[in-house]
Amino acid sequence: MQKAWLYEENGPKEVLKLGDFPIPTPLHNQLLVQVRAAALNPIDSKRRQRPISPSDFPVVPGCDMAGVVLEKGSSVTKFDIGDEIYGNIQDFNAEENLKQLGTLAELVVVEENLIARKPKNLSFEEAASLPLAVQTAIEGFKTAGFKEGQSIFVVGGAGGVGTLVVQLAKHLYGASYVVATTSTPKVEFVKKLGADKVVDYTTTRYEDINEKYDFIYDTIGDSKNSFLVAKDGAPIVDITWPLSNPRAVYSSLTVSGENLEKLRPYLESGKLKAVIDPTGPYNFGDVIEAFRYLETGRARGKVVIYPFPSQHLPSSIPSESKNK
């Protein structure tokens, strides 16, 4: 058995408890991974609060992780035992239900095609913060058909997805003008991410903004209001559901290790940076407190869990992997 955070009924964060969960055996296309760090996402809270995806209890929450490969299935060819990897283990577009065993556990199994090698310059906690948020961010640009040289208005520039949308717009997609909203304490932070202009939503209404933009990327579900700064016919992408504006288009995500690999040059060059909320990382024993903070909606970047227990890390794993 292994230690994991789990819940046996839907409800508030208080239904979570630290308990024992069976150690999984990887299928032919899967790897057994010792989790070194994980990140929390709003979907983890939503899934716990109500049964949005059928699953047997108990459920271990968590989508994002970074860790070390301990075992691999017979058809796995891209990874070897001891490799440091990261990814989102939950494939939301798969026909099967979401995994009962999420990433808030010592050991998880994940399909080979969902993960990528961890960039050498990233810590485990930095890598764990990226997968779901960056996959969501990329999907929004694809949904909008964004073109180099266009302007973008990002609603919620300091959040887990928003921090990456700002960076991707500037450094990957070649936006001509990047504007983002945030609250007063985070204005300078969002500017440092690459925003050309930051709108303090506590002092400025959409009605007060004279400029119009080629693309509205709404990460907080405010498209019923944010549409006011869109040019005529400009795409409005909203990553929350249900949509608050019938003109907006919902954008989900494609879970893919290949997409993460494509980002490697930007991560290793420092053009794209992982953003971890300064209140963390939260220790594995403090998961309930981490969820409490996540659910305030005030996080700056991602809420990360680190370190994890390492009782199942065998001596055959190279020492440099143990110490990273």
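**Close-up views of a predicted model**

View 1. With a relative accessible area of 0%, Ala39 is buried. Beyond its neighbours within four places in sequence, Ala39 is in contact with Asp44, Asp64, Ala128, Ser129, Lys302, Val303 and Val304. Pro309 lies 270 residues from Ala39 in sequence, and the two C-alpha atoms are 15 Å apart in space.

**View 2. The buried side of helix α1.** Helix α1 spans residues 42-49, and its residues Asp44, Ser45, Arg47 and Arg48 are buried. These residues lie on the same side of α1, because they cover an arc of only 165° around the axis. The elements that cover the buried residues of α1 include β3 (30-40) and α9 (287-294). Asp44, one of the buried residues of α1, is also among the contacts of Ala39.

**View 3. The largest nonpolar core.** This core has 46 residues, and Phe141, Ile152, Leu168 and Tyr217 are those with the most contacts inside it. At least two residues of the core come from each of β4 (64-72), α2 (124-128), α3 (131-144), β8, α4 (162-171), β9 (177-182), α5 (187-193) and β11. Helix α3 gives the most, with six residues. As general background, nonpolar side chains in soluble globular proteins tend to be buried together.

**View 4. Phe141 and the aromatic cluster.** Phe141, Phe146, Tyr173, Phe215 and Tyr217 form one aromatic cluster. Not counting residues up to four places away in sequence, Phe141 touches Phe146, Ile152, Val165, Leu168, Ala169, Tyr173, Phe215 and Tyr217. Phe141 and Tyr217, both in the cluster, are also among the residues with the most contacts inside the largest nonpolar core.

**View 5. Helix α4 and its packing partners.** Eight of the ten residues of α4 are buried, so the helix is largely enclosed by the rest of the structure. The buried residues are Gly162, Thr163, Leu164, Val165, Val166, Gln167, Leu168 and Ala169. They pack against α3, β8, β9, α5 and β11. Among them, Val165, Leu168 and Ala169 are touched by Phe141.

**View 6. The aromatic pair of Phe153 and Tyr213.** The model contains 13 aromatic pairs. One of these, Phe153 with Tyr213, is tilted, at 5.2 Å centre to centre and with 45° between the planes. The pair links distant parts of the chain: Phe153 belongs to strand β8 (residues 151-155), whereas Tyr213 lies in the loop between β10 (197-200) and β11 (215-218), 60 residues apart. Both Phe153 and Tyr213 are buried.

**View 7. Charged side chains over aromatic rings.** The charged end of Lys118 sits over the ring of Phe124, at 5.1 Å from its centre. Arg300 lies over the face of Phe189, 5.0 Å from the ring centre.

View 8. Over residues 11-305, the chain is 23% helix and 22% strand. The end C-alpha atoms of this stretch are 21 Å apart.

Notes. Residues numbered from 1 in each chain as written. Predicted model: local features only at pLDDT ≥ 70, side-chain atom pairs only at ≥ 80, totals over all residues. Heavy atoms only, no water. Phe/Tyr/Trp six-rings, centres within 6.5 Å; stacked < 30°, edge-to-face > 60°. Helix = DSSP H or I, 4+ residues; strand = E, 2+ residues; numbered from the N terminus. Buried < 20%, exposed > 50% of the residue type's maximum accessible area, 1.4 Å probe, protein only. Lys NZ or Arg CZ within 6 Å of the ring centre and 35° of its normal. Arc of directions from axis to C-beta. Contact = heavy atoms within 4.5 Å. Core = buried A, V, L, I, M, F, W, Y, C linked by side-chain atoms within 4.5 Å.
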